[in-house]
Amino acid sequence: MDKMMNIRINGRQVRARSGQTVLEAAKAAGIDIPSLCNHPALTPHGACRICLVEIERQRTLQPACTFPVAEGMRIETESPKVVEERKFVLQMLFSERNHYCMFCEMSGDCELQALAYKYGLDHWTYQNPYPKIPVDGTRKYFIMDHNRCILCRRCIRACGELAANHTLGVKFRGAKTMISADMDIPFGDSSCVACGTCLQICPTGALIDRKSAYTGRQAQVERTKSVCMFCSVGCGTEIITRAGRVLRVEGEWEEHNKGVLCVAGRFEPVYTKRDRIQTPMIRKNGGMVAASWDEALDTIAERVKGTKGKKVGAWTTCKTLNLTMSEFVAVFRGKIGASVGVLEPTLSELELPSGGSLNDLLSADCILVIGSDPLVTHRVLGYHIKRARMKGAQLILVSNNSNEMAQFADKKFSRDELDKAIRICQNSASPVVIFGEGTNQKEAQKLAGLKRKAHFIPLFPATNGYHAKVLGLQAGLDVSGMEVVYLLLEDITLQEDLMKQARNAQFLVVHASYREPITEIADVVLPALLWSESEGSLYNLEGKKVPVRKAVPLPEGLIPENEVLTQLAARL
Amino acid sequence: MTKVKVAADWLAACAGCEMSLLDMDERLVQLLDRIELTSTPITDLKHPPKEGVTVGILSGAVNNTANIEVTKQMRERCKILIALGDCAVFGGIMTMRNFFDMNEALKRAYIETESTVDGIIPSSEEISKPVQAQPVNQVVKVDLHVPGCPPSADAIYYVLSELLEGRIPILTGDNLKYD
């Protein structure tokens, strides 16, 4: 239990926890102290001096963001002296670089501008002969305009503390200080992994998203809380839209990913140029022809009804939402007795526990990674492993192949040496085992020895793998002996060998979002929704059910996958 | 009741601030009951009268030697000088030019412009010389700053009516804008 203490803020009696900063204590009591460099997700830094407050018996004003509370402390947050100094600090911030709001992308949403408004700054006391500073546009997804930078170092801390990537730092000193990447190389050539956390956390217009720049201010856009559907980490997101279009995706601070996303969740989905399937299609005279839902579903139903249940095979990607996956099983297995499976491994054959969380990772002292390369497939989890390592956790990698994690591993073992790795876990206080699809059953049996001690995090190869595992679905496509095959692919691309295998069926139905080689060779194609259009829930790899929310209206004529399945079932 | 004399002029400006002034609509007519606009860039008389005015309003950045003259003359002839708009207050968009060598900028503007054929850089003794773009308060003392690109009609009306009431206007809320 933290010790509670009594302090006074602006004459008001406030209870504060020992270890809290003045800023945190004030915030908890509903007293606003302005801040710029401070961010709840980051370690306090005290760079910007905007949060200066008057503390009794302190010789000078003190930054509230770094000053710890003490029993009996008396604090003034808006005294005339404080306000005067704060205005001075603002004037200094505005004097260093180009802070002309009228041609800035962030104008209206800028934290620096908001403070200038708050303190009634109507002109600059120190006229700004600001230096000509270059803009770094070498990164694909966002731009660094040093001219707008106030050197608050939020980006640097986000890069180091949240993404654990340590790309960003500063070069030079004083007014010449500059945010720089690695050993001062262009951002695009640096070790940056384009997670975009710095972009999201920047208080001014120094970091600008290329795609959504000038497309709408906070007051003009809508924000929809949802879940990233691009891997099983299932990061909390906010989808930012305007007039039914996705502008960008941001990480949700309140979820287990704590604001962090990766390039595959934040940027790639809004840049996709794949060809969308807009209507159902039926093969006629050797080509795919647009058809109505009724026509397409009737065609499928007729064919399915004319085939023995055993000769019908239905496979779905694990990427489907809970309801769709359950409906898929109910329709194909329940109603017609077809064989039903999922395309991606569900790790169920390993018979290992699950339920370990990203938080468990951060409090681990030993992390064993096996059969997976988290920094490639489950990047935000990979960043959390690196974060845990920064806090002193030991990273043990069991792998025979090259692995992105290798450079961060404290100990590397080949798969034959798994016993040694397990022994280290046994000797540690709070180990976490992270296992992926590369783990075999024999290894799993050995790992099972850690059941009582370790938290286990399964890296499902596809988003909703947890649900597929719970439903007990068989993994892997096997169409031998099947006359009718139904594939629910969502937005995934089927490997070529699987595609050829699927085409061996006499009748092939493909339910997918994008035109792909497989949709060209199918007999019936049904359009599926995208991540931003779906509404429902899925399970993340922690085993937690999380709500996926529709951020944009459905394109005309499109029907959610579960409803399509219901309509199909009604015809069978 | 004698009317309060107000003079306005512009420097390197786009006329956006003047548009905002006109946007006061019928409030402008009400104001004219109490003030006399002696001269503005958008009325017949352009220069503030020699005998002086109470309030002088300047929009635009100081951009050349003629702007400096206009600025100094206004300062001499008014009691309260208002810098109106981002250019007059901060220097505004014209300051982008400060990054370039002046000859380079002139060449780009008068010779290399895509629509220009056989261009020449004006060089008559009679015309002003360009200087570094700067806000009005770098040349003369400014009493009131009204930023905004342009400042809203409400902000301008607020400033003038407060002055008429004998108060110093303090811009807050929606009246204080930088864009």
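At 1% relative accessibility, F332(A) falls under the 20% limit and so counts as buried. The coordinates come from a predicted model. Y486(A) also has 1% relative accessibility and is therefore classed as buried.

**Aromatic pairs**

Over all chains, the whole structure contains 17 aromatic pairs. One of them joins Y141(A) to Y271(A) in an edge-to-face arrangement. Y141(A) sits in the loop between β6 (135-136) and β7 (142-145) of chain A, while Y271(A) belongs to helix α7 (residues 268-271) of chain A, so this pair ties together parts that are 130 residues apart in sequence. Y141(A) has 8% relative accessibility and therefore counts as buried.

F332(A) and Y486(A) form an aromatic pair that is tilted. This pair also links distant parts of the chain: F332(A) is in helix α9 (residues 322-335) of chain A and Y486(A) in strand β24 (residues 484-490) of chain A, 154 residues apart. A pair of aromatic rings is described by the distance of the centres and the angle of the planes. The table lists these values for both pairs.

| Pair | Centre to centre | Angle between planes | Class |
|---|---|---|---|
| Y141(A) and Y271(A) | 4.9 Å | 75 degrees | edge-to-face |
| F332(A) and Y486(A) | 4.8 Å | 50 degrees | tilted |

Ring pairs also connect residues of both chains: F94(A), Y100(A), F103(A), Y117(A) and W124(A) are linked with F90(B) and Y178(B) into a cluster.

**Interface between chain B and chain A**

The size of an interface is often given as the accessible area lost when the parts come together. Between chain B and chain A, the buried area is about 1,800 Å², and carbon and sulfur atoms give 65% of that area. Which three residues supply more than any other three of the area that chain B buries against chain A? They are F90(B), F99(B) and Y178(B), with 40%.

In terms of contacts, 19 residues of chain B meet 18 residues of chain A. The two chains share one salt bridge. It is formed by the side chains of D179(B) and R217(A), at 2.9 Å from N to O.

On the side of chain B that touches chain A, helix α4 (residues 86-90) of chain B gives the most, with three residues. By class, that side has 10 nonpolar, six polar and three charged residues.

Key. Residues are numbered from 1 along each chain as its sequence is written. Chains are lettered from A and ligands numbered from 1 in the order in which they are written. This is a predicted model: local features need pLDDT of at least 70, side-chain atom pairs count only at pLDDT 80 or more; totals for chains, interfaces and linings use all residues. Side-chain values use heavy atoms; hydrogens and water are left out. Contact means heavy atoms within 4.5 Å. Buried area is the accessible area (1.4 Å probe) that two parts lose on being put together, summed over both. A salt bridge is a side-chain nitrogen of Lys or Arg within 4 Å of a carboxyl oxygen of Asp or Glu. Helices (H or I, at least four residues) and strands (E, at least two) are DSSP runs, numbered from the N terminus. Ala, Val, Leu, Ile, Met, Phe, Trp, Tyr, Cys and Pro count as nonpolar, Asp, Glu, Lys and Arg as charged, and the others, Gly among them, as polar. Rings of Phe, Tyr and Trp (its six-membered ring) pair if their centres lie within 6.5 Å; planes under 30 degrees apart count as stacked, over 60 as edge-to-face and the rest as tilted. Buried means under 20% relative accessible area, exposed over 50%, partly exposed in between (1.4 Å probe, protein chains only).
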